[in-house]
Amino acid sequence: MPLKRVVFLMGISGLDLGKVLELAQGLGAATAKYEDFVEEEFKAPIYHVSELLLVRYSGVRDRFDKAFDKMMEYLEASGKEAAVVAAHAAYYRRNNVVASPVVARIAMLASRGLEVSVIDYVDDYYHVLYRVAKRIERGETPGVAGFQVLDPLGLLYWRSTHHSIAQVLTLFGARLYLYASKHSQESHRRLLAMLIGQESETGPYRTAYISHPITLVRKKAEEQGEPLDRFPDALEIEEFKKSLEKECPSLVLFSPTTIDELITRPGTEELETRITRENRWPHEENGLHDYPYPVDLGSEFFDKYLYPVKQTTKNPGYLAQLRSSIEASIERRDLGYVSQADMIIAYRPTMYLATHMGVETEIKTAIAMGKPVYSVMPPEERSTAYKLFRFEYPLYSTQELLNILKCK
């Protein structure tokens with residue numbers, strides 16, 4: 001049976017996508033890790049091999065290509081129609097972001113008619129840094145705090161460049177999805193199933209971006225002195241997402257709060273460097289990983305293994321620059337979610353009888369793209385002014401939405 005579809009799981013280091021490969025195996029797909037084949041070809045660990053690309057890219061690339069060919073032979077020998085591969089689109093070495101040669105080979109696969117999809121995974125920068133530092137602490141990778149510094153700002157640059165490189169693959173016919181690790185395991189499973197050509201129990205999969213108030217909800221929680229992860233309005237929004245996923249087996253959800261990085265110190269605009277579960281938007285426990293809290297980005301732990309905290313996370317100027325980069329990544333990611341979704345579901349877009357800039361931007365962007373938008377608005381939150389120049393479909397309740405979407 002010839003291989004028909006390949007899904008590439010991509011992202012920067014520290015995402016640990018082994019659980020996604022397990023989900024793919026459960027769906028009946030062949031799986032592989034590209035960097036395992038590269039390490040076998042060079043007889044060296046990937047953190048050293050990737051550094052060689054900085055010395056002589058063209059010469060080293062040939063051996064990366066050889067590893068790719070061996071991987072494809074392995075996948076084709078499985079006799080399965082679909083394969084899922086974990087790989088990096090770019091490496092970060094000595095403060096350089098260098099594109100992996102695998103990108104060109106994936107482009108060739110897509111241009112030759114094979115159905116190729118790419119999932120570019122992301123996670124909160126503080127948890128990614130934590131995992132990378134823990135690897136170093138365990139001795140799995142060499143220390144980087146000297147000549148291989150990886151600080152929060154550097155990680156954001158790496159993540160942004162990685163996504164830009166992955167986007168190039170769409171020019172050759174590949175489908176690209178940006179996806180955050182803190183979505184539920186069921187969401188990850190559904191996205192994989194859709195991309196390897198399977199259907200849900202109720203029919204073909206559909207993708208939906210959930211747009212909802214965030215900033216003002218966080219502000220209300222702070223004003224009332226309540227932890228954000230237990231604030232009733234935040235919990236209600238998350239319950240809406242859970243019920244939608246439960247009642248609609250064919251929906252693959254994209255949730256903006258699966259990444260939550262713009263966390264500020266109470267009463268200030270300064271970026272918070274000690275992230276706790278209480279100051280982060282609530283998220284499910286059944287994502288891809290365990291998510292430890294607190295993560296103190298100014299602690300001795302990070303100073304020892306990753307970056308000098310005095311010059312970075314304890315420097316107000318550095319934190320101002322980091323905040324600016326986080327804000328830019330929010331815009332790119334959320335509008336990217338809108339672009340890749342089949343539909344937009346706006347939940348309580350006038351919560352607190354207010355207009356929420358982020359929600360409004362996402363609704364207008366979706367409508368301009370010709371995507372259906374459903375607004376779930378309780379009667380008491382529907383104003384006369386909001387009816388003017390509106391092109392989304394207004395609904396009064398979650399049940400109305402389930403009926404419209406023809407969920408089970």
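Biologist: How many salt bridges does a search of the whole structure find?

Modeller: The search finds 34 salt bridges. A salt bridge is a side-chain nitrogen of Lys or Arg within 4 Å of a carboxyl oxygen of Asp or Glu. The general idea is that side chains of opposite charge can pair when their charged atoms come close. This is a predicted model, in which local features need pLDDT of at least 70 and side-chain atom pairs count only at pLDDT 80 or more, while totals for chains, interfaces and linings use all residues. Residues are numbered from 1 along each chain as its sequence is written, and side-chain values use heavy atoms, with hydrogens and water left out.

Biologist: Which parts of the chain does the pair of Asp-16 and Arg-135 link?

Modeller: The side chains of these two residues, Asp-16 and Arg-135, form a salt bridge with an N to O distance of 2.4 Å. The pair links distant parts of the chain, 119 residues apart: Asp-16 is in the loop between β1 (5–10) and α1 (18–26), and Arg-135 is in helix α6. Helices (H or I, at least four residues) and strands (E, at least two) are DSSP runs, numbered from the N terminus.

Biologist: Is Asp-16 buried, exposed or partly exposed?

Modeller: Buried means under 20% relative accessible area, exposed means over 50%, and partly exposed lies in between (1.4 Å probe, protein chains only). Asp-16 counts as partly exposed because its relative accessibility is 34%.

Biologist: Where do Glu-115 and Arg-175 lie?

Modeller: Glu-115 forms a salt bridge with Arg-175, and their closest N and O atoms are 3.6 Å apart. Glu-115 lies in strand β6 (residues 115–122) and Arg-175 in strand β7, so the pair ties together parts that are 60 residues apart in sequence. Glu-115 is partly exposed at 33% relative accessibility, and Arg-175 is partly exposed with a relative accessible area of 33%.

Biologist: Are Lys-182 and Asp-123 buried or exposed?

Modeller: Lys-182 counts as buried because its relative accessibility is 3%, and Asp-123 counts as buried because its value is 1%. Lys-182 forms a salt bridge with Asp-123, with the closest N and O atoms 2.7 Å apart. Lys-182 is in the loop between β7 and α8 (185–195), and Asp-123 is in the loop between β6 and α6, 59 residues apart.

Biologist: Which residues are linked in a network of salt bridges?

Modeller: The network links Arg-61, Asp-62, Asp-65, Asp-69 and Arg-105. One of these residues, Asp-65, lies in helix α4 (residues 57–76). Asp-65 is buried, with a relative accessible area of 16%. Leaving aside residues up to four places away in sequence, Asp-65 touches Pro-101 and Arg-105; contact means heavy atoms within 4.5 Å.

Biologist: How are two packed helices described?

Modeller: Two packed helices are described by the angle between their axes and the distance between the axes. Axes are lines fitted to C-alpha atoms, for helices over the stretch in contact, and angles run from 0 to 180 degrees between N-to-C directions. Here, the axes of helix α6 (residues 125–137) and α7 come within 10 Å and cross at roughly 105°. That makes α6 roughly perpendicular to α7. Angles under 35 degrees count as roughly parallel, over 145 as roughly antiparallel, 65 to 115 as roughly perpendicular and the rest as oblique.

Biologist: Which residues in α6 and α7 meet?

Modeller: Tyr-125, Val-128 and Leu-129 in α6 meet Pro-152, Leu-155, Leu-156 and Arg-159 in α7.

Biologist: Where is Ser-255, and which residues does Ser-255 touch?

Modeller: Ser-255 lies in the loop between β9 (251–254) and β10 (274–275). Ser-255 is buried, with a relative accessible area of 6%. Not counting residues up to four places away in sequence, Ser-255 touches His-183, Lys-241 and Tyr-337. The C-alpha atoms of Ser-255 and Tyr-179 are separated by 9.0 Å, although the two residues are 76 residues apart along the chain.

Biologist: What can be said of the backbone at Pro-294 and at Arg-94?

Modeller: The peptide bond from Tyr-293 to Pro-294 is cis, with omega near -5°. Pro-294 lies in the loop between β10 and β11 (295–296). Arg-94 is a residue other than glycine with a positive phi, near 50°. Arg-94 is found in the loop between β4 (90–93) and β5 (96–99).
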